[in-house]
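Colleague: Please put the model on the screen. I would like to go through its metal sites and the ligand beside them, one question at a time.

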Amino acid sequence: MDLTLSSTAPEAVETPLMAVLVASDRPFEDLSGFDAQFGGVLGRAAALGDFRGRTGDRVAGHHRGTDGPRRVLYLGVGASGSLTPETVRCAAGEAVRFAEGRRLPSLALSLVHPGPGVKARHVQAATEGMVLAAWRFDELKSRAGPDGDGDGRGRLLRSGLIVGAPPHAWDEAVRFGRAFASAENLARTLQATPGNLATPSRLADEAVRLAADSGLQCEVLGPAEMEEQGMGALLSVARGSDEEPRLIVLEHHGGDAGAAPLVLVGKGLTFDAGGISIKPARGMEKMKYDMSGGAAVLGAMRAIGELDLPVNVKAVVPSSENLLNGSATKPGDVVRSRLGKTIEVINTDAEGRLILADALDYALGWEPAAIVDCATLTGACVVALGHHRAALLGNDEELLGELRDAGDLAAEPCWPLPLDDEYRKQLLSEVADLKNVGGRPAGTITAACFLSEFVGQTPWAHLDIAGTAYGKTKKPYLRNGPAGRPCRLLLEWVRARAGV
Ligand code: BES
Ligand code: MN
Ligand code: ZN
């Protein structure tokens, strides 16, 4: 969706739909001139008490004349003083859904009424809400689908307009919102792409392309380079598949030359069948989403490059399939990680930590200021936190605090779990340095303990996104399926670190 900013008065905008945010504590009379164009629907609804500007309150109407917006949708957002970015994001999403339901090609959103309660953060959120809501994945639909609507493709809303003064102060907010949301949409598209199409090598091709488009450096390691590097943990996962693994490396040099980089790491497992420890068939198709962490990182890197954030950021996305054949790693096999630690593979379905171990260790070579990894790592995380918050673990309280804040700002919240040394003992192996599973208790924590063995003293945080990266949603700016999370969390964090 093309999104632009306008300072034209809402009544003068030629648009199929003007969605208007209405605050509960600001005079509705401010809108009466505008509302007159629509026969005073808002005034009448307010008089009957049906519309009071609370979140969830809505009134729609049609224009009575010949110019100006053809339709209006008033959306209550509550008190202007306590307006949250997420309320605005949701309202923007609802406006897009309303337009979509009527197959409108474009819409406008007015942020005028809440007055000084509207800050740059809200403008960014409005932009994000519209761009995220307009995303859809219909590349694989032909016109002949059983839904019979005859035009599975091409119904996309093409453009959005944000109305309100003064545009010069909001330019930057729209620019960030657009970049953040498009980045997350890219992550969603990569997530949605099925495993037969989004293979490790295709994911790497995509990374090469996005790097070229956004001014990033990109390097891709294949099996030969991985052998050279001694990445036995990553290679052990790829053994069971005919598709070659890839290690995708992206670099953005926006800070001082020589300044320690921030590093983002994302699990890029393009399909997780579990390996020899094969998963049950039910729901296995969802395991195409096991590259969600990698997708979020690739998306985030594109926005970081596009916005040319003044900070050095590097990314590593280890990518493999986890399948099974005659060469597949077996339970009981011992593999050697790049760091030299040996790992007894008890369960081949605990593969994420294996590919991440070598990726984290590889990143340490850059002497990072901080490493943040995100991964659909454990089913236990879904049990612990469900679908609303990602699990957050790490070795540096300050970094954990920064990520909590970034998650809250992006409405992609996370919640800490402890990483005490006691849990580590669950990973002791009789034959190797470590085993790759720590038993049923505290599965998310022992997985993070495993990763922590490969980050040394570097400030590091891990986001387990198994419950939040995809699934059903009630958020109006999302759809069921891939959520792109935690792409915007990562971006808010990097942006805060960059100080912009
Ligand atoms: N990709 C899965 C984790 C997962 C499960 C993500 C459900 C999303 C939804 C991961 O590779 C995995 O299989 N983990 C195992 C680890 C276990 C064998 C210790 C799990 O959680 O069952
Ligand atoms: Mn697995
Ligand atoms: Zn997995």
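Colleague: Which residue bridges the zinc ion (ligand 3) and the manganese ion (ligand 2)?

Modeller: First, this is a predicted model, in which local features need pLDDT of at least 70, side-chain atom pairs count only at pLDDT 80 or more, and totals for chains, interfaces and linings use all residues. Residues are numbered from 1 along each chain as its sequence is written, chains are lettered from A and ligands numbered from 1 in the order in which they are written, and side-chain values use heavy atoms, with hydrogens and water left out. The zinc ion (ligand 3) and the manganese ion (ligand 2) lie 3.1 Å apart, and the residue that bridges them is Asp 272.

Colleague: Which parts of the chain do Asp 272 and Asp 290 tie together, and how many residues apart are they?

Modeller: Helices (H or I, at least four residues) and strands (E, at least two) are DSSP runs, numbered from the N terminus. Asp 272 lies in strand E10 (residues 268-272), while Asp 290 is in the loop between E10 and helix H9 (292-306). The pair therefore ties together parts whose separation in sequence is 18 residues.

Colleague: Why is the arrangement around the zinc ion (ligand 3) called octahedral?

Modeller: Donors are N, O and S atoms within 2.8 Å of the metal (3.2 Å for Na, K and Ca); water is not among the atoms, so sites may look incomplete. Lys 267 (NZ), Asp 272 (OD), Asp 290 (OD) and Glu 351 (OE) coordinate the zinc ion at 2.0 to 2.4 Å. Four donors count as tetrahedral if all angles lie between 85 and 135 degrees; four count as square planar and six as octahedral if opposite donors are over 155 degrees apart and all others between 65 and 115; anything else is irregular. The arrangement is octahedral because the six donor atoms around the zinc ion subtend angles of 78 to 176°.

Colleague: What is the site of the manganese ion (ligand 2) by its angles?

Modeller: Its protein donors are Asp 272 (OD), Asp 349 (O), Asp 349 (OD) and Glu 351 (OE), at 2.0 to 2.2 Å. The angles among the six donor atoms of the manganese ion run from 69 to 169°, and the site is irregular.

Colleague: Is Asp 290 buried or exposed?

Modeller: Buried means under 20% relative accessible area, exposed over 50%, and partly exposed in between (1.4 Å probe, protein chains only). The relative accessible area of Asp 290 is 2%, so Asp 290 is buried.

Colleague: How much of the accessible area of ligand 1 does the protein cover?

Modeller: An oxygen atom of ligand 1 is 2.9 Å from a side-chain N or O atom of Lys 279, and one is 2.8 Å from a side-chain N or O atom of Glu 351. A backbone N or O atom of Gly 379 lies 2.7 Å from an oxygen atom of ligand 1. Of the 520 Å² of accessible area (Shrake-Rupley method, 1.4 Å probe) that ligand 1 has on its own, the protein covers 78%.

How values were computed: Polar contact = N/O pair within 3.5 Å; in protein donor to acceptor, adjacent residues only side chain to side chain.
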